[in-house]
Amino acid sequence: MIEYYIVFFLALLAQLYPVKSNYHYKKRLFFTFFPLFIFGALRVDFGNDYSKYKYYFESINGFENLASVDQHMEIGYAWLNFFMPNFRTLLILTSLLMCSAYATLFYKMVKPNYLWFAVFLLFLSGDKTIFFQLSSMRNGIVISLLILSLGLIQNRKIFPFAIITLISYFIHTSALLFFPLAYIIGSNKEFTRKDALIWIIIIFQALTLSIFSFLDKASLFIATYFERYVSVIGYMKEAALNSSDSIIAIVSSLFLLITTFYYSLTTRLNPIENTILKISLLFLISYLLGALSARASQYYIIFFIISAISIFTKWKYKLLRDGYIVITTLFLGYGFFVVWMGSQWFAYKDYHSLLGKYLLNLD
């Protein structure tokens with residue numbers, strides 16, 4: 001993991017680059033994300049799914065019927081593998097797409113003076129924002145496409161957004177749930193008291209939902225129609241058994257939700273800020289569903305980060321603002337260092353790269 005911390009440090013160091021114009025800001029963003037791009041582009045044996053993705057790529061050209069290689073892989077991802085000249089190109093593509101999506105979003109939504117804080121939160125939540133995207137490459141691709149489609153959500157361009165959703169669906173089926181949900185929720189209209197009341201009702205229902213009963217029913221459905229997710233459901237059930245982590249997640253997300261409602265009702269936001277803030281609520285409310293939070297939090301975490309930056313820079317109530325930022329930092333840090341790195345599924349202690357052990361693998 002020391003390589004990750006080095007990349008983190010270099011990204012923060014890039015914030016010293018002076019910004020006097022948009023051109024300079026773009027250069028700062030390049031210096032910020034280039035080390036992360038290299039980190040992802042040169043990765044070898046990265047995470048639990050690396051060998052499976054590599055084997056799939058090597059097998060794809062040996063079959064006339066692409067779908068016959070692995071029925072668990074979507075046909076769009078199969079064609080993507082077919083057209084890539086080698087597996088390394090695919091790794092470079094996923095790393096480039098991830099970094100480009102984040103850089104584009106930061107350029108549009110984060111002022112240069114606060115880019116350091118956005119970078120800090122991005123790396124602090126690296127289990128969801130970085131490692132997950134690079135390890136689960138299909139998910140990484142579609143999440144990047146969702147980020148790049150933010151303008152379509154804000155401007156309510158349903159037809160082009162539907163096309164991107166369909167394309168993403170053929171890369172990973174989960175896009176069919178999380179893309180439309182982001183579009184439906186992400187209205188650019190002002191957040192009102194009526195909206196807050198609706199969200200409070202949703203929160204109450206989420207808190208009273210029987211998670212294990214739902215998961216048991218979901219397991220049967222998934223085993224029948226989406227066999228490849230059976231192991232994911234099993235992992236989520238196991239994660240839900242850790243009551244202390246669940247309580248911390250629920251209490252923290254409740255505080256952040258309520259504070260966000262108050263911020264939205266007391267602060268004038270522009271249309272794009274309204275869209276991002278509403279989508280960020282999906283990230284927070286996912287934690288009230290316990291084990292069901294994993295995938296939703298990975299899709300919507302970046303919108304929560306941007307929303308947190310907005311609160312940090314715009315809210316006039318200093319005490320609530322500072323409390324929000326402290327809880328956010330502790331919440332993301334606990335998830336990264338305690339829950340994720342302490343999990344039996346943690347597979348990133350040793351980083352291997354194309355350059356070899358002595359140049360990048362310092363563990």
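Colleague: What makes helix α7 (residues 126–135) count as mostly covered?

Modeller: In this predicted model, 10 of the 10 residues of α7 are buried. Buried means under 20% relative accessible area, exposed means over 50%, and partly exposed lies in between, with a 1.4 Å probe and protein chains only. The buried residues of α7 include D127, K128, F131 and F132. A helix here is a DSSP run (H or I) of at least four residues, a strand is a run (E) of at least two, and both are numbered from the N terminus.

Colleague: Which conventions apply to the model?

Modeller: Residues are numbered from 1 along each chain as its sequence is written. As the model is predicted, local features need pLDDT of at least 70 and side-chain atom pairs count only at pLDDT 80 or more, while totals for chains, interfaces and linings use all residues; side-chain values use heavy atoms, with hydrogens and water left out.

Colleague: How many helices and strands are in the protein, and what percentage of its residues is buried?

Modeller: The protein has 18 helices and 2 strands. Of its 363 residues, 50% are buried.

Colleague: Which residues touch the most other members of the largest nonpolar core?

Modeller: They are F106, F123 and Y300, in a core of 106 residues. Helix α17 (residues 293–314) gives the most to this core, with 12 residues. A nonpolar core is a set of buried Ala, Val, Leu, Ile, Met, Phe, Trp, Tyr and Cys residues joined through side-chain atoms within 4.5 Å.

Colleague: Which residues is F106 in contact with, leaving aside its neighbours within four places in sequence?

Modeller: Contact means heavy atoms within 4.5 Å. On that basis F106 is in contact with Y25, L29, F33, L115, A118, V119, L122, I302 and I306.

Colleague: Why is the aromatic pair of W116 and F117 called tilted?

Modeller: The two rings lie 5.3 Å centre to centre, with 55° between the planes. Rings of Phe, Tyr and Trp (its six-membered ring) pair if their centres lie within 6.5 Å; planes under 30 degrees apart count as stacked, over 60 as edge-to-face and the rest as tilted, so this pair is tilted. The structure holds 54 aromatic pairs.

Colleague: Why is F117 called buried, and W116 partly exposed?

Modeller: F117 has a relative accessible area of 4%, so it falls under the 20% limit and is buried. W116 has 39% relative accessibility, which lies between 20% and 50%, so W116 is partly exposed.

Colleague: What makes the nonpolar surface patch of about 880 Å²?

Modeller: The patch is made by I2, Y5, I6, F9, L10, L13, L16, F337, V338 and V339. The elements that give two or more residues to this patch are α1 (2–13) and α18 (318–340). Helix α1 gives the most, with 6 residues.

Colleague: Why is I6 called partly exposed?

Modeller: I6, in helix α1, has a relative accessible area of 34%, between the limits of 20% and 50%, and is therefore partly exposed.

Colleague: What is noted about the phi of D45 and of R156?

Modeller: Most residues other than glycine have a negative phi. The phi of D45 is near 50°, a positive value, and R156 has a positive phi of about 55°. D45 lies in the loop between β1 (43–44) and α3 (50–60), whereas R156 lies in the loop between α9 (150–154) and α10 (158–169).

Key
Patch = residues over 30% accessible without salt bridge, like charges linked within 9 Å, V, L, I, M, F, W, Y side chains within 5 Å. Areas by Shrake-Rupley, 256 points an atom, 1.4 Å probe, with all protein chains shown as cover. Salt bridge = Lys/Arg side-chain N within 4 Å of Asp/Glu carboxyl O.
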